[in-house]
Amino acid sequence: MRITDTADLWWKNAVVYCLDVQTYMDWNGDGVGDLEGLAQRLDHLADLGVTCLWLMPFYPTAGVDDGYDITDYYGVDPRLGSLGDLVEVIRTAKDRGMRVIADLVVNHTSDQHPWFRSARASTDSPYRDFYVWRGDEPPDTSDQVVFPDQEDSIWERTEETGEWYLHKFYKTQPDLNVANPLVRDEIAKVMGYWLQLGLDGFRVDAVPFLLETAGIDEAEAARFPDPHEYLHALRAFLGRRTGAGVLLGEVNLPYEEQVRFFGGGDGDELTMQFDFTTMQQTYLSLARADAGPLAASLAARPEISPDSQWGTFVRNHDELTLDKLSDDERAEVFAAFGPDEAMQVYDRGLIRRLPPMMAGDPRRVRMVYSLLFSLPGTPVLFYGEEIGMGEDLSAGSRLAVRTPMQWTSGPNGGFSDAPADQLTRPVVAGGYAPEFVNVADQRRDPDSLLAFMKLLIRRYRECPELGWGGFQLLDQPHPAVLAHLCTWDDGALVAVHNLGAEPLSVPFTVPGCNAGHRLEDLLTIGSTPLADDGSVELALEGYGYRWLRVVSEDSRRLL
Ligand code: NOJ
């Protein structure tokens with residue numbers, strides 16, 4: 001491996017930042033964030049160190065699922081601006097060294113999409129087979145719905161033809177029939193269109209649902225025997241159109257199944273997948289102040305191709321799902337971080353942001369982000385995490401974390417000049433209101449969370465060991481501590497995190513090292529010699545963390 005390889009497989013040590021244009025920055029004063037506003041804030045993102053923007057759906061929408069119910073795959077929601085404004089954003093982001101990906105939502109359309117309007121009107125519609133229909137009464141499918149507070153079946157009957165259509169999400173989101181080659185052609189055309197406009201790939205929504213053929217007529221499903229061949233074909237198409245585009249897939253499945261979505265050892269399906277398992281085990285570890293679950297999860301990660309990558313995260317735009325934990329484990333996390341029912345959703349997740357869950361303890365918040373950036377993988381941030389924004393529980397459900405970005409301590413947090421009651425969503429009130437949490441104040445404060453995040457990102461980018469390298473847990477005696485070693489080429493980095501409140505002294509041995517090596521702190525100034533057998537004992541504060549570069553006498557690496 002050479003350092004120059006990081007320019008080819010750029011996603012292996014990217015810093016991804018997810019944002020929703022409508023809540024990011026309103027430039028025309030109508031209360032809705034817009035593309036012009038985003039363009040104004042690209043320098044903030046570049047300064048933060050972001051290398052890849054992930055834009056949540058910006059397409060024309062029926063507005064039921066916050067943009068994930070698309071009515072036109074080739075447009076921009078007029079409230080946000082025009083296609084031209086989008087191209088300006090993409091171009092400017094690239095100038096600032098950032099790539100741009102966007103949500104590809106092709107498991108379903110909105111029921112207002114012209115394809116579905118036509119399809120539902122008649123069984124003779126040329127678009128009828130774009131969707132999945134059944135003529136007989138469906139059985140009880142209430143256990144298969146994704147949003148159990150809103151739906152009780154994955155089938156919905158239409159008056160027009162008396163048949164039922166499939167929808168795994170809201171009933172206003174009919175599932176596309178991916179077994180139909182015409183649908184697959186349309187999906188490729190949509191991808192090609194946005195790639196041609198300059199996108200560097202997609203965050204692919206709901207991938208397992210997209211590939212699933214259950215419910216599809218048997219004869220039709222037989223023409224589509226291996227959905228993974230299709231995923232492979234999509235990746236190949238992306239490669240032909242872009243060379244270095246990525247598919248970052250949402251696949252919330254156990255590791256064994258995720259391997260298939262990477263394309264196994266060939267790594268020729270999804271380029272990246274979010275690591276939902278490690279995210280959930282991290283929260284269990286935090287709740288228990290015991291690094292065990294997190295360590296076990298990292299150790300259980302399957303081998304993937306060197307081209308593939310895990311997307312690591314501690315928060316995203318949806319509920320913080322805890323669906324992979326046992327009922328008892330989930331109850332522990334609920335008790336620790338979201339005990340009120342108003343903080344929970346779908347019996348499986350929390351709707352809070354990280355800082356309030358950590359009771360606002362800055363040591364703990366920083367330790368969690370230090371941990372996130374030190375884990376093997378590519379970190380994915382959700383907007384506002386860089387300044388420690390809180391949530392608005394009164395917005396309810398998943399909207400609680402989708403509040404306007406807080407830029408200043410002024411009216412509407414500087415998000416918009418519109419009257420507060422015209423904002424796309426209210427700004428967070430209380431202890432996490434813009435008065436206390438905003439970009440402008442933190443930019444000027446070297447001790448702010450924002451400054452700390454910039455440091456973490458800078459170090460993460462300087463340490464390809466983290467995104468690229470081998471990973472090893474280091475033995476040490478404290479349950480509350482995670483100590484790990486990442487190696488790449490001749491580089492090695494040790495990260496040590498204390499998930500507990502008590503200060504500790506942590507003895508461990510760095511394999512293959514001796515008194516000719518030392519550990520150089522990367523987040524602060526400090527140098528620690530190693531003993532002849534590579535052993536060392538480090539002090540850690542309560543919720544303390546250290547990143548240490550392993551340096552040999554002849555190392556030429558810049559410190
Ligand atoms: C997953 C997205 O993350 C979520 O926000 C959306 O509601 C569903 N897919 C349906 O598109």
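**Ground rules**

I am working from a predicted model, in which local features need pLDDT of at least 70, side-chain atom pairs count only at pLDDT 80 or more, and totals for chains, interfaces and linings use all residues. Residues are numbered from 1 along each chain as its sequence is written, and side-chain values use heavy atoms, with hydrogens and water left out.

**Strand β8 and its partners**

I took helices (H or I, at least four residues) and strands (E, at least two) as DSSP runs, numbered from the N terminus. Two strands pair if DSSP finds at least two bridges between them. Strand β7 (residues 201-204) runs parallel to β8, and four bridges join them. I then checked strand β9 (residues 272-274), which pairs with β8 in the parallel sense over two bridges. In that pairing Gly249 stands opposite Gln273.

I next asked which residues of β8 (residues 246-249) lie on each face. Val246 and Leu248 are on one side, Leu247 and Gly249 are on the other, and all are buried. Buried means under 20% relative accessible area, exposed over 50%, and partly exposed in between (1.4 Å probe, protein chains only).

**A three-stranded sheet**

I found an open sheet of three strands in the order β11-β13-β12, with antiparallel pairing. Its edge strands are β11 (320-321) and β12 (344-345), each pairing on one side only. Two bridges link β11 to strand β13 (residues 349-350) in the antiparallel sense. Leu320 has Leu350 as its bridge partner in β13.

**Nonpolar cores**

A nonpolar core is a set of buried Ala, Val, Leu, Ile, Met, Phe, Trp, Tyr and Cys residues joined through side-chain atoms within 4.5 Å. The largest one has 149 residues, and those that touch the most other members are Tyr17, Leu19, Leu38, Leu45, Leu53, Phe202 and Tyr283. Helix α16 (residues 449-462) gives the most to this core, with eight residues. A second, separate core of 18 residues includes Val510, Cys513, Val536 and Leu538.

I listed the contacts of Tyr283 (heavy atoms within 4.5 Å), leaving out residues up to four places away in sequence. Tyr283 touches Val314, Leu320, Leu322, Val333, Phe337, Leu354 and Met357.

**Helix α11**

In α11 (residues 292-300) I noted Pro293, Leu294, Ala295, Ser297 and Leu298 as buried. An α-helix has 3.6 residues a turn, so residues three or four places apart point the same way. The buried residues of α11 pack against α9 (255-262), α10 (276-288), α14 (362-374), β15 (470-473) and β16 (481-488).

**Around the ligand**

Which residues are around the ligand? With a cut-off of one heavy atom within 4 Å, I get Asp65, Tyr68, His108, Phe147, Phe169, Arg203, Asp205, Glu250, His317, Asp318, Arg398 and Arg402.

For polar contacts I used pairs of N or O atoms within 3.5 Å; within protein, one must be able to donate a hydrogen and the other to accept it, and residues adjacent in sequence count only if both atoms are side-chain atoms. A polar side-chain atom of His108 is 3.1 Å from a ligand oxygen atom. For Arg203 I also read 3.1 Å from a polar side-chain atom to an oxygen atom of the ligand. An N or O atom in the side chain of Arg398 is 2.8 Å from an oxygen atom of the ligand. Taken alone the ligand exposes 290 Å², and the protein buries 98% of that. Areas come from the Shrake-Rupley method with a 1.4 Å probe; for residues, only the protein chains shown count as cover.

**Single residues**

Is Asn316 buried or exposed? Asn316 counts as buried because its relative accessibility is 12%. Asn316 lies in the loop between β10 (309-312) and β11. A polar atom of the Asn316 side chain lies 2.9 Å from the backbone nitrogen of Asp318.

I placed Lys454 in helix α16. Lys454 has a relative accessible area of 16%, so I recorded it as buried. Leaving aside neighbours within four places in sequence, Lys454 is in contact with Asp47 and Leu48.

Ser394 sits in the loop between β14 (378-382) and α15 (439-443). Ser394 counts as exposed because its relative accessibility is 68%. The side chain of Ser394 makes a polar contact with the side chain of Asp392 (2.6 Å).
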